[in-house]
Amino acid sequence: MNQSNTQTLMLLGRTISETLQRYAISLNLLACYPELGKRDLEQKSQDIAQRLGRLHSINAPEFFDKGVFAALFSTLKEQGYLDIDGNCDIAATENLAGMLYGLLYRGAPYYSRECSSKRPKLR
């Protein structure tokens, strides 16, 4: 592989990493708080992304753009992770969150947390 291809792949990797991080934020919220409505999930996802963006100096506005999260939840509904009423298929969502975790952390095992018993209160 030549140097220019390596640089291109590294740039693409950094770009997709932020997208996967946004998805991971939303999927973990969805798995931990399946009772939240679509609007609340979008808002909470955006809030967390904004905080993480400030902490990690991610200045790209699309990292915490509410429209990106709205499109994600529409896609999740189309793919069957959410039903028509917005109820979450927890097993499928945790499975997808685990795959994202593996992509983000290079194959590290994802351990599903028991969110319902020890989850923090959302503001």
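Let's start with a crossing: helix α2 passes helix α3 in a right-handed way, where right-handed means that the near helix is turned clockwise from the far one by less than a right angle, and left-handed means anticlockwise. What you have here is a predicted model, in which local features need pLDDT of at least 70 and side-chain atom pairs count only at pLDDT 80 or more, while totals for chains, interfaces and linings use all residues. Residues are numbered from 1 along each chain as its sequence is written, and side-chain values use heavy atoms, with hydrogens and water left out.

**The overall picture**

- The protein has five helices and zero strands, where helices (H or I, at least four residues) and strands (E, at least two) are DSSP runs numbered from the N terminus.
- Reading from the N terminus, the elements go α-α-α-α-α.
- Of the 123 residues in the protein, 30% are buried; buried means under 20% relative accessible area, exposed means over 50%, and partly exposed lies in between (1.4 Å probe, protein chains only).
- Take the contacts (heavy atoms within 4.5 Å) between residues at least 6 apart in sequence: 57% of them join residues at least 24 apart.

**How α2 meets α3**

- Helix α2 covers residues 38–55 and helix α3 covers residues 66–78; their axes come within 9 Å and cross at roughly 135 degrees.
- Those axes are lines fitted to C-alpha atoms, for helices over the stretch in contact, and the angles run from 0 to 180 degrees between N-to-C directions.
- α2 and α3 are therefore oblique to each other, since under 35 degrees counts as roughly parallel, over 145 as roughly antiparallel, 65 to 115 as roughly perpendicular, and the rest as oblique.
- On the α2 side you'll find K38, L41, E42, Q43, S45, Q46 and A49, and they meet K66, F69, A70, F73 and S74 of α3.
- The residues of this α2 and α3 contact split into five nonpolar, four polar and three charged; Ala, Val, Leu, Ile, Met, Phe, Trp, Tyr, Cys and Pro count as nonpolar, Asp, Glu, Lys and Arg as charged, and the others, Gly among them, as polar.

**How α1 meets α3**

- Helix α1 (residues 3–32) packs against α3 at an angle of about 60 degrees, with the axes 11 Å apart.
- This pair is therefore oblique, and α1 passes α3 in a right-handed crossing.
- R22, Y23, S26, L27 and L30 of α1 make the contact with V68, F69, L72, F73 and L76 of α3.
- Sorted by type, the residues of the α1 and α3 contact are eight nonpolar, one polar and one charged.

**The salt bridge**

- Searching the whole structure turns up one salt bridge, meaning a side-chain nitrogen of Lys or Arg within 4 Å of a carboxyl oxygen of Asp or Glu.
- The partners are E42 and K38, and their closest N and O atoms are 2.7 Å apart.
- Both E42 and K38 sit in helix α2, four residues apart, which is about one turn of the helix.
- E42 is buried at 7% relative accessibility, whereas K38 is partly exposed at 39%.

**Two residues to look up**

- L41 belongs to helix α2 and is buried, at 1% relative accessibility.
- Setting aside neighbours within four places in sequence, L41 is in contact with L29, L30, Y33, L36 and F73.
- L41 and L30 are eleven residues apart along the chain, and their C-alpha atoms are separated by 7.1 Å.
- S57 is in the loop between α2 and α3, and S57 is exposed, with a relative accessible area of 55%.
- The phi of S57 is near 55 degrees, a positive value in a residue other than glycine.
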